[in-house]
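Walk through this predicted model one element at a time. Keep the sequence at hand.

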Amino acid sequence: MSEHDFSRLRAAMVSNQLRTNAVTEPAILAALDAVERDRFVPEDRAALAYVDVAVPLGGGRSLNAPLVTARLIQDAHLQPGMAVLLVGAATGYAAALLARLGCRVTALESEPALAATARLRLEGTGVSLVEGDLAQGHAGGAPYDAIVIDGAVDAVPDTLWDQLAEGGRMVSAWNDRGVSRLVRGVRTGASRALVPFLEVDAVSLPGFAAPKEFTF
């Protein structure tokens, strides 16, 4: 496909998939229209870049469908200059969107091959890419104004909550007996509750098994 074809598909993604599914923030829509998602998927799967499906990246990991990432970012209520930790950077697409919104982005990825791809794709964006255990976060950049977990987890560990500033927002997807739901919450004192706001298929992230006594 040509660059023109991808530009046309990207515009259709924004108008037909995202605007019609409650992605309404002008700055987010502009970022989605500007960031070339086809650059963040394997070349042989570029035709899937603007379809509302998860795109396999290899090694058991996939890039979330555009709607999942867009709704998570929108519900983080971000403003330019905010410090944001992105958990599950994969090849860097969500990090590129966050940078486009003017955030100070720390992007965390555990898979070396994905991190290497993300580092190349994010060159010049100002994103700080770090490698490490996703569930451990990145304490070196804390506290964060928002933490965006771009994938589904069984539980959000205290380690991540502890890296969130007071009043900061946590957004993620949650695995609930085979169904994934997008969830959001605000750190207020000791309160760490997450509330579901959308049932949607989200890719699972490794390393987030819930403890046996865990209740959401």
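Strands E7 (residues 164-176) and E8 (residues 179-186) pair in the antiparallel sense. Eight bridges join the two. Look at Asp 176: this residue stands opposite Val 179 in E8.

Strands of a sheet pair through backbone hydrogen bonds, and the pairing may be parallel or antiparallel. Now widen the view. E7 and E8 belong to an open sheet of seven strands. Its order reads E5-E4-E3-E6-E7-E8-E9, and the pairing is mixed. Which strands lie at the edges? They are strand E5 (128-131) and strand E9 (195-199), each of which pairs on one side only. On average, neighbouring strands of this sheet are turned by 20 degrees against each other, direction ignored.

A helix packs on this sheet: helix H5, residues 112-121. H5 touches strand E4 (104-109) and also E5. The direction of H5 makes about 170 degrees with that of E5.

Next, the pockets. Rolling a probe the size of a water molecule over the atoms shows where empty space is left. The largest pocket has a volume of about 170 Å³. Which helices each supply at least two residues of its lining? Helix H2 (26-34) and helix H3 (66-75) do. The residues that line the pocket include Glu 25, Ala 27 and Ile 28. Ile 73, Gln 74 and His 77 are also among them. Leu 78, Gln 79, Pro 80 and Leu 101 belong to the lining too. Sorted by class, the lining has six nonpolar residues, three polar and one charged.

Key: Residues numbered from 1 in each chain as written. Predicted model: local features only at pLDDT ≥ 70, side-chain atom pairs only at ≥ 80, totals over all residues. Heavy atoms only, no water. 1 Å grid on protein atoms, 1.4 Å probe; cavity = no way out; pocket = protein on both sides within 12 Å on 5 of 7 lines; lining within 4 Å. Points joined across faces, edges and corners; volume = space filled by probe spheres on them. Helix = DSSP H or I, 4+ residues; strand = E, 2+ residues; numbered from the N terminus. Nonpolar A, V, L, I, M, F, W, Y, C, P; charged D, E, K, R; others polar. Pairing = 2+ DSSP bridges. Axes fitted to C-alpha atoms, helices over the stretch in contact; angles between N-to-C directions. Contact = heavy atoms within 4.5 Å.
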